[in-house]
Each structure stands twice: as C-alpha cells, then as structure tokens.
Amino acid sequence: MQEGNINFHTRKWVRPEDLNANGTLFGGSLLRWIDEEATIYAILQMGNGRVVTKLMSEINFVSSAQQGDLIEMGLRAVKFGTTSLTMQAEVRNMITRSSILTIERIVFVNLDEHGRPAPHGYTDITYDRDRLPTHHLPSVPPVP
Ligand SMILES: CCCCCCCCCCCCCCCC(=O)SCCNC(=O)CCNC(=O)[C@H](O)C(C)(C)COP(=O)(O)OP(=O)(O)OC[C@H]1O[C@@H](n2cnc3c(N)ncnc32)[C@H](O)[C@@H]1OP(=O)(O)O
C-alpha cells in the first residue's frame, strides 16, 4: 500500500460478538465496518447521499486482532473519476499501529435520482464537511 497521509477516523473496540471460532476478529465484521466507513467517506467526498459500492479489490488480511483490541480504520481517496471515486483502506491496531487489513481499491459510483451514474464534479479531496448533503433522499426505484 502506498505510503502517505491516510486519515484514520473511526475506532472500534473488538467485542466478544466480533470474534470467529478461533477467538480472533471475524473478517465479516471488519468488512462490514469498512464498507460503512467507506460509504460515509464517499458521501463526504462526492457530496451526494446516493452512492453505491462498485468494486472492492483484493483484501489482504495482514494480521489478526484479539478481543479487547482497539482498532482504527483509515481511508484515502486516490482517484476522482467522472462518476466514480477510488479509495484505499487500511485497518490497524490503534496501539501498536500494526496493519490488520489493507484494500488497494474500493470504487464508489455517484448516482442520479434515477439510480444511474452521474458526474460528481469533484477532482480533489476535501478534509472538511463542505460537501456534506443536508437533507434525506427519497428512495430510488431499481434500474430496470
Ligand atoms: C440528513 C443528511 C442525509 C445525508 C444522506 C445520507 C444518505 C445515506 C445513504 C446511505 C447509502 C448507503 C449506500 C450503501 C452502499 C451499498 O450498500 S451499495 C450496494 C452494493 N452495490 C450495488 O448494488 C451496485 C450495483 N451496481 C450498479 O448498480 C451498477 O454497476 C453501477 C454502480 C450503477 C455502475 O453501472 P455501470 O454500468 O458499470 O456504469 P458505468 O457508467 O460503466 O461506470 C460508472 C463508473 O464506474 C466505473 N467502473 C465501472 N466498472 C468498474 C470496475 N469494474 N472497476 C472500476 N471502476 C469501474 C467506471 O469507470 C465509471 O467511472 P468514471 O470513469 O465515470 O469515473
């Protein structure tokens, strides 16, 4: 994974219900947390609540976490396309900073009110909340 200013925001405490049969952090829990975190990041960057996950590239489970560990999730936008945003993700141990998981590419697509890809109009990262949508969206009918 490319070195750089990845921002670690959300922290989690590994609870008993997050463990697998080996007593280590269940990968499914980790992916659910990352997907949610990445969705919020995509909304903040593309300024639209209507975004979908298009692709997750290879997921590297680098090391495991144990019950009681504190972990943190980091994301960084690496490419602004016309309708898409590509980001990298890393989860690491908050105390030791050792890597737990990396994902090279997560691609989100910005959608219009009909659920079709739409230009988001942005070319660079915002570190503020200036693109945050301010109202709830009506539900979108599925694209035929
Ligand atoms: C009070 C405040 C309220 C605020 C408000 C909050 C609202 C809070 C809402 C929460 C929101 C929850 C959201 C949860 C996130 C899910 O859970 S999403 C669920 C899982 N994902 C899906 O169901 C998506 C299913 N797929 C699709 O619908 C279609 O494939 C898509 C995404 C519409 C794209 O269709 P498509 O025909 O591939 O479109 P196409 O125009 O060819 O490509 C679009 C872009 O994707 C890129 N792309 C396409 N395929 C690939 C690929 N294989 N690899 C890389 N890039 C690709 C293209 O290059 C293009 O990018 P640009 O060059 O324009 O930048």
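Are Arg92 and Glu72 buried or exposed? Both are buried, where buried means under 20% relative accessible area, exposed over 50% and partly exposed in between (1.4 Å probe, protein chains only). Keep in mind that this is a predicted model: local features need pLDDT of at least 70, side-chain atom pairs count only at pLDDT 80 or more, and totals for chains, interfaces and linings use all residues. Residues are numbered from 1 along each chain as its sequence is written, and side-chain values use heavy atoms, with hydrogens and water left out.

**View 1. Glu72 and its two arginines.** Arg11, Glu72 and Arg92 are tied together in a network of salt bridges (a salt bridge being a side-chain nitrogen of Lys or Arg within 4 Å of a carboxyl oxygen of Asp or Glu). Arg92 meets Glu72 at 2.7 Å, N to O. That pair links distant parts of the chain, with Arg92 in strand S5 (residues 84-93) and Glu72 in strand S4, 20 residues apart. Glu72 also pairs with Arg11, at 4.0 Å, N to O. Here the partners sit 61 residues apart, Glu72 in strand S4 (residues 70-80) and Arg11 in strand S1 (residues 7-13). Strands (E, at least two residues) and helices (H or I, at least four) are DSSP runs, numbered from the N terminus.

**View 2. Arg131 with Asp124.** The count comes to three salt bridges, and one of them joins Arg131 to Asp124, with the closest N and O atoms 3.4 Å apart. Arg131 counts as buried at 10% relative accessibility, whereas Asp124, at 45%, is partly exposed.

View 3. A polar side-chain atom of Ser84 comes 2.6 Å from a ligand oxygen, and one of Lys54 is 2.8 Å from a ligand oxygen. Thr53 uses a polar backbone atom instead, 2.9 Å from a ligand nitrogen. The protein covers 51% of the 1,400 Å² of accessible area that the ligand has on its own (Shrake-Rupley method, 1.4 Å probe; for residues, only the protein chains shown count as cover).

**View 4. The shell around the ligand.** There are 20 residues around the ligand, and Thr53, Lys54, Thr82, Thr83 and Ser84 come nearest (near means a heavy atom within 4 Å). Strand S2 gives the largest share of the shell, five residues.

Methods. Polar contact = N/O pair within 3.5 Å; in protein donor to acceptor, adjacent residues only side chain to side chain.
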